[in-house]
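User: I would like to learn how to read helix packing in a model. Please take me through an example.

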Amino acid sequence: LAYQTTPMAAMPNVVHTHKYTRATPTPPRTHTPKPCSKRRDAAVARCSNHLARSSSTTDAAAGGTSCSRDSNTRRQLVLTRLTTRRSSTGKARARRTVTTHAALGLGAAKRSLDRALAPYDGLWSRVLPMTLLFGVMSFCNCILDATKDTLVVTAFGGAEQIPWLTVWAVLPLSIVVLAVYSVASQRMFGRGLFYVSLAPFVAFFAVFTFVLYPNHASLHPHALITQLTATLPPGLTGLLAIIDNWTYTLFYAFAELWGDVVLSLLFWAYANDTTTLEDAALVYPLFGIGANIAQYVGGVLLCFVRTAVPVTATRSADAAWDIQLRILMSCVLVGSAVLCGIYEFTRKRNKADEMERVKSESRELEEKSSKPAVSLGESLGMLVRSPQIQCLTVMALAQGITANVFQVAWKGQMRDIFPLPADYS
């Protein structure tokens, strides 16, 4: 207690009472305890020292008293508990450290993933359907590639007929398809052009699966070709084989053009219509991921069909291949229906953009109608005079020649190992 001798303003920590003032008591000094680990280590050290002194004293006294022995036993028990608790605490601390490091690693990985996916915000609704569309097209292309090679290599007598098919079947049909597509693109666009380009392929594959292939033995003119082979020069053997197996020739040409027309032309034209220039650099590489997954699924399906329909004592190799062909081509037809459904879905999702594009294309058509039309020959002349197109043509020719030479050598060896269609597929 202290009597008031100074003004109240000079004593901010003094509480005024009736006759005297009471100074605010100073709070007691707080003692910060040591961490648990340090206190435990100190207790272990004290117990160890005391036990050491007690043991030396007991030995000197030749056994000591029972009280001292009991005291030493209790201290030994306390020391054991403290040591065990310290080891368990260290293990728990190590587990917490590992858990913390794992959580930090997961957090860093999640942040890195979020930063990588940040540019794709708002694009997944367009990327996923387009990736699925490209994947279905690639799946059908995988099945068609395996089927056409099996038919040609095993039925034509070897892989040496592939260059003949490329020159006398694929090239003429590709020119016809290019001319038809050029005319159709000037009269229609968008949805109509897509279905007009896709319909001939789906129709031919359906007719081949259920009409041409089951009756190929009666449709192929084997007797006529045998007579011509005896009279014509040996260098025309490949051309005669193409005529003899004309149903397989058509199938090979249509299957080869599926990758050029449907997979390349139709898809990428539609992707360019639905993707802006800024988003193309982000989403186009993702389309390739869908194509690679589809190729893997197609390979798994080929192996599954091969094992599901094996050659048995009651089923010949030709009969097994007939069943396998129908299953594979049915998958292609179902895949064609699925890609049409995906196309309609993506088209409805992009309906607003589609309407704007239709208006712009209508204006472009009106402008084109007022200008003289450019024929296919004039377009080809413009392409021939372009240095960039000339370089691309040389690259395409080099790639095509290299691929054909490799295919003839490799597929010829494959036929020697697997001569039956069911095994070759």
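**Two helix pairs**

Analyst: Start with handedness: α5 passes α9 in a left-handed crossing. A crossing is left-handed if the near helix is turned anticlockwise from the far one by less than a right angle, and right-handed if clockwise. Helices are DSSP runs (H or I, at least four residues), numbered from the N terminus. The model is predicted, so local features need pLDDT of at least 70 and side-chain atom pairs pLDDT 80 or more, while totals for chains, interfaces and linings use all residues. Residues are numbered from 1 along each chain as its sequence is written, and side-chain values use heavy atoms, leaving out hydrogens and water.

User: At roughly what angle do the axes of α5 and α9 cross?

Analyst: Axes are lines fitted to C-alpha atoms, for helices over the stretch in contact, and angles run from 0 to 180 degrees between N-to-C directions. Helix α5 (residues 191-212) and helix α9 (residues 246-274) have axes that come within 10 Å and cross at roughly 150°. That makes the two roughly antiparallel, a term for angles over 145 degrees.

User: Which residues of α5 and α9 meet?

Analyst: Contact means heavy atoms within 4.5 Å. Phe194, Phe201 and Phe208 are among the α5 residues in the contact, and Trp246, Phe254 and Trp258 are among those of α9.

User: Where is a right-handed crossing found?

Analyst: α10 passes α11 that way, in a right-handed crossing. The contact includes Leu301 and Arg306 in α10, with Gln324 and Cys331 among the residues in α11.

Conventions. Angles under 35 degrees count as roughly parallel, over 145 as roughly antiparallel, 65 to 115 as roughly perpendicular and the rest as oblique.
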